[in-house]
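I opened a predicted model today and kept notes on what I looked up in it, beginning with a single side chain and then turning to cores and rings.

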Amino acid sequence: MVDKKIRIKWGTYGNGSPADYSDDPIYLFLKDNYEIEFCDDPDYLICDIASHDDLKYDCIKIISTIENVVPDFSRYDYVMGFDYIIFGDRYQRIPLFSSYKSQISIYFISLIIYIYHMSLIFSFF
């Protein structure tokens with residue numbers, strides 16, 4: 001049972017169409033760990049970097065993008081993208097291939113990431 005309730009607004013894509021979040025990894029994580037309330041007065045806004053939804057809300061803004069755009073951290077609080085940049089805990093690099101949806105690729109990606117992390121760990125010994 002999840003005890004914490006969060007209020008979120010799922011933004012639009014750059015072309016204004018509503019985002020389909022039902023299979024989005026962010027949504028899947030949140031629904032497993034929080035009680036989610038969708039509203040127009042959110043604590044968290046989750047949207048695409050190409051939209052301008054971040055200008056409409058005064059809340060924590062989380063942007064997830066697979067676009068080749070370096071995020072403007074004066075507009076966004078947290079960003080997930082595939083650029084190799086370091087910005088403290090406000091940026092998380094997500095490999096581009098992780099955006100592919102097929103179940104087989106998810107297992108393959110998990111295996112690749114595991115092997116990569118293990119090689120980093122063992123390279124120190």
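Does Phe73 count as buried or exposed, and what is its relative accessibility? I read a relative accessibility of 12% for Phe73, which is under the 20% limit, so I noted Phe73 as buried.

Next I looked up the largest nonpolar core, which has 10 residues in all, and found Phe73 among them, together with others including Leu45, Ile49, Tyr76 and Tyr91. I then noted a second, separate core of 8 residues, which includes Ile8, Trp10, Ile26 and Ile46. As a general remark I wrote down that nonpolar side chains tend to be buried together in soluble globular proteins.

For Ile49 I listed the residues it touches, leaving out those up to four places away in sequence: Ile63, Ser64, Thr65, Glu67, Val69, Pro71 and Tyr76.

Turning to the rings, I counted 4 aromatic pairs. Trp10 belongs to strand 1 and Tyr27 to helix 1, and they are 17 residues apart; both Trp10 and Tyr27 are buried.

I also looked up Phe73 and Tyr91, whose ring centres are 6.4 Å apart with planes at 80°, so this pair is edge-to-face. Because Phe73 lies in the loop between strand 4 and strand 5 while Tyr91 is in strand 6, the pair ties together parts that are 18 residues apart in sequence. Tyr91 is buried, with a relative accessible area of 8%.

Finally, I noted that ring pairs link Trp10, Tyr27 and Phe38 into a cluster, and that the charged end of Arg93 sits over the ring of Tyr84, 3.9 Å from its centre.

Methods:
Residues numbered from 1 in each chain as written. Predicted model: local features only at pLDDT ≥ 70, side-chain atom pairs only at ≥ 80, totals over all residues. Heavy atoms only, no water. Core = buried A, V, L, I, M, F, W, Y, C linked by side-chain atoms within 4.5 Å. Buried < 20%, exposed > 50% of the residue type's maximum accessible area, 1.4 Å probe, protein only. Contact = heavy atoms within 4.5 Å. Phe/Tyr/Trp six-rings, centres within 6.5 Å; stacked < 30°, edge-to-face > 60°. Helix = DSSP H or I, 4+ residues; strand = E, 2+ residues; numbered from the N terminus. Lys NZ or Arg CZ within 6 Å of the ring centre and 35° of its normal.
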